[in-house]
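Here is a short note for a colleague who is opening this entry for the first time. Please keep the sequence and the model in view while reading.

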Amino acid sequence: MLDMLQYRFMQRALFVTIAMAVLAPIIGLFLVVRRQSMTGDALGHASLAGVTVALLFGRSPVAGAFVAAAAAGLAAEWLRGSFRRYGDLILTVILAGSVGIAVTLMSSGLLEGNAEAFLFGSILTVTPTDMWVIGLLTAGVIALLLKFRHELLYVAFDEEAAALARVPVKLVNRVFSLLVAAAVAVAIQMAGVLVLSSMIAIPAATALLFRTGFRRTLLISIAVSLFDGLCGLVLSYELGAAPGGFTALTSVAVLLAVILCRRLARRAG
């Protein structure tokens, strides 16, 4: 691993991997508790549309991904008022619009960059400017999570009870949509759109298997995510493949290993 760090692009990739590994499982745990784990997938496709628009105008793809994912998240909250009993339809609308924009621009030949790299993730696409954007997004999200942690937990477990307790549910949901958008923007370059949702949800799912308190579950999910991300980065460097696929495979392998160990321990006990 130390050998690969002699290259600047690998140093940038390591920075993004650590930022993603800390941020994605925090957001993922809240999404899983809220039973909205597929939201990451929908906003991931929205971020791809943002990437294509950013490349069209020669702007930072990470910034474009964040703006598009944030807009999609806020739009989803707005659409909830019209589809209260059919929440999955909202994600379908977001996916349809996002894929339409992305495919149209990617096939137009007008883009100043390789948007396809964001489908699978690529360590070569991370620029110094992207590092600054990712660093600021990560710091901002963690600050907001610390400030609104109690409200987010309350709304995640029981939105109706939170409203009765005079928690500003709409504001909390909008803030959370922005946090998810930031996590998606951070993760898209390393994980890629096609495996992004697994990076957000699976470490949280693995941590939930330990059946401990929320704080310990959060710490376990971050540790699992760091392990998955670093394994994916090292394997991608050694084998010359996109890191997102290896990271997703590692996360699934860790999840299955934890399930197997728990079942074996239960039988032995």
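This is a predicted model: local features need pLDDT of at least 70, side-chain atom pairs count only at pLDDT 80 or more; totals for chains, interfaces and linings use all residues.

1. Residues are numbered from 1 along each chain as its sequence is written, and side-chain values use heavy atoms, with hydrogens and water left out.

2. The protein chain has 12 helices and 0 strands, where helices (H or I, at least four residues) and strands (E, at least two) are DSSP runs numbered from the N terminus. Its radius of gyration, taken over C-alpha atoms, is 18 Å, close to the 18 Å that the globule rule gives for 269 residues, so the chain is as compact as a globular protein of that length; the rule is 2.2 Å times the number of residues to the power 0.38. Along the principal axes, the C-alpha trace spans about 50 × 50 × 30 Å.

3. Of the 269 residues, 47% count as buried, a term that means under 20% relative accessible area, with exposed over 50% and partly exposed in between (1.4 Å probe, protein chains only). Among contacts (heavy atoms within 4.5 Å) between residues at least 6 apart in sequence, 75% join residues at least 24 apart.

4. Helix α10 (residues 196-208) and helix α12 (residues 243-268) have axes that come within 9 Å and cross at roughly 15 degrees; axes are lines fitted to C-alpha atoms, for helices over the stretch in contact, and angles run from 0 to 180 degrees between N-to-C directions. The two helices are therefore roughly parallel to each other, the label for angles under 35 degrees. Among the residues making the contact are Met199 and Ile202 of α10 and Val252 and Leu255 of α12.

5. Helix α2 (residues 39-56) and helix α9 (residues 169-191) also have axes that come within 9 Å, and these cross at roughly 65 degrees. The contact is made by Gly40, Leu43, Gly44, Ser47, Leu48 and Val51 of α2 together with Val180, Ala181, Val184 and Ile188 of α9.

6. Glu160, which lies in helix α8 (residues 159-164), is exposed, with a relative accessible area of 66%. Glu160 and Arg59 are 101 residues apart in sequence and, C-alpha to C-alpha, 41 Å apart in space.

Technical notes:
Angles under 35 degrees count as roughly parallel, over 145 as roughly antiparallel, 65 to 115 as roughly perpendicular and the rest as oblique.
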